[in-house]
Amino acid sequence: MTIEEDRTSTSAASVPDRVGAAISGPSEDRMTRLAQATEHLEPPFAVVDLDAFDRNAADLARRTHGQATVRLASKSVRSRDLIRRAVARPRYQGILAFTLPEALWLAEEHDDVVIGYPTTDREALRRLAADDRAAERVTLMIDSVGHLDLVDEAAGPKRPDIRVCIDLDAALEFFGGRIHLGPYRSPVHTPWQAADLARTVAERPGFRLVGVMSYEGQIAGLGDNPLGAPVQGVLRRAMQRLSARELAERRAAAVAAVEAVAPLEFVNGGGTGSVEQTAAEHVITEVGAGSGLYGPGLFDHYRRFRPRPAAFFVMPVVRRPTARIATLLGGGWVASGPVGADRLPTLSRPEGLKLTSLEGAGEVQTPVRGEAAHGLRLGDRVWLRHAKAGELCERVNTLHLVSGSETVGQAPTYRGEGHAFL
């Protein structure tokens, strides 16, 4: 079945002022109800607002305008219970995992797991090759012949066919790649490079080419409205418009070139930040997304959409060094990526708190200032949001689930289930 046939059959300011400042968030009434529902818990703890989570999930699907399905990016959720909750929704199909051990684990109950990144885990490759059911459910990501060689070396020739997907680089390049705007991912950038790799897969026993993926991080993962930097915002938006036009043309050509070699089951692209425009490309059958379910702090800096904050962590006040500063225990839950204020946690409750420019969010303590800090007492709680989505789950074993005004359950994180896939 070609992609077009499949679509026809299934379509339906200054640094001190910027550091840790709250940009937007849930209403004060909602934050009050979350606080009341969790007042029996001893901080630190993490909370997921299920009402916001479900509305975000529905919004991600709505943003595809029926032109593509959503493949859930598991790295952005990192809780099997909440992954189940999301993929059970209409217009969600399949999981985009991070590592092969994670994919094998998820494939025990999910029948369509694509790994978003190549693997060199030989032991996991042997497990995949020894399990016919897993081999039918899991798709490996490749971007070079070397990845095929690795599978052959680890798994040997006597095995079921291994499903593979080609990762097409989505970055915007100029001057023969000397200027590269976007993540450094795949060396497969041009349609003819994609076709060459597709021919190699088709001619090589033990492999089955089923998909093409590309992630336009310079669009989907980069806020187009950076705080306190309007000029930078204008430049980013111009770059993103140019990149989207270039990628749509190149991606269509690459998919056509690959389909001339082998029919594809899916073409994956985009991320939470680019759902609408990626889904609108006629070759796209699915959009990878997951961060928008939790609505982390980095998404405060997008103009195109605004998810509802759904994931929080809560820290206690343990010191009052001055009348104007309250100090939290710990709190240095800083996100990965380029060093900057946008990687620090966002302070959500009480409103009006800011981090200090000299300490920021620290490993053992986090001083907060602002008008609201004056009234904080020892033992009071401060609510924060992580800058990125799933990384919060690397800090806690349990997510406390709130719906309405009540705590309705708990969801273990990957860490809480004893797994360290990431």
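Modeller: Ser76 is found in the loop that runs between strand S2 (69-73) and helix H5 (80-87); helices (H or I, at least four residues) and strands (E, at least two) are DSSP runs, numbered from the N terminus. The model is predicted, so local features need pLDDT of at least 70 and side-chain atom pairs count only at pLDDT 80 or more, while totals for chains, interfaces and linings use all residues. Residues are numbered from 1 along each chain as its sequence is written, and side-chain values use heavy atoms, with hydrogens and water left out.

Ser76 is buried, its relative accessible area being 2%. Here buried means under 20% relative accessible area, exposed over 50%, and partly exposed in between (1.4 Å probe, protein chains only). Leaving aside neighbours within four places in sequence, Ser76 is in contact (heavy atoms within 4.5 Å) with Gly290, Ser291, Tyr294, Ala389 and Gly390. With one of these, Ser291, the side chain of Ser76 makes a side-chain polar contact at 3.1 Å. A polar contact is a pair of N or O atoms within 3.5 Å; within protein, one must be able to donate a hydrogen and the other to accept it, and residues adjacent in sequence count only if both atoms are side-chain atoms.

Another loop residue is Leu344, placed between strand S13 (325-329) and strand S14 (346-349). Leu344 is buried at a relative accessible area of 16%. Its C-alpha atom is separated by 15 Å from that of Val382, 38 residues apart along the chain.

Strand pairing comes next. Two strands pair if DSSP finds at least two bridges between them. Strand S1 (residues 45-49) pairs in the parallel sense with strand S18 (residues 398-403) over 4 bridges, and Ala46 stands opposite Leu399 in S18. S18 also pairs with strand S19 (residues 406-412), in the antiparallel sense and over 6 bridges; there Leu401 has Gly409 in S19 as its bridge partner. S18 and S19 form a hairpin with 2 residues between them, and Gly404 in the turn has a positive phi of about 65 degrees.

As to cysteines, the whole structure holds 0 disulfides, a disulfide being a pair of cysteine sulfur atoms within 2.5 Å. Cys165 is buried at 0% relative accessibility, and Cys393 is likewise buried at 0%.

Charged pairs are found as well: a search of the whole structure gives 30 salt bridges, each a side-chain nitrogen of Lys or Arg within 4 Å of a carboxyl oxygen of Asp or Glu. One of them joins Arg349 to Glu28, with the closest N and O atoms 3.0 Å apart. This pair links distant parts of the chain, since Arg349 is in strand S14 and Glu28 in helix H3 (residues 28-37), 321 residues apart. Glu28 is partly exposed, at 38% relative accessible area.

Arg122 and Glu153 also meet through their side chains in a salt bridge (4.0 Å, N to O). Arg122 belongs to helix H7 (residues 122-129) and Glu153 to helix H9 (residues 145-155), 31 residues apart. Arg122 is partly exposed, with a relative accessible area of 41%, whereas Glu153 is exposed at 59%.

A further salt bridge forms between Asp152 and Arg159, whose closest N and O atoms are 2.9 Å apart. Asp152 is partly exposed at 24% relative accessibility, while Arg159 is buried at 13%. Finally, salt bridges that share partners join Arg80, Asp81, Arg84, Glu109 and Glu417 into one network.
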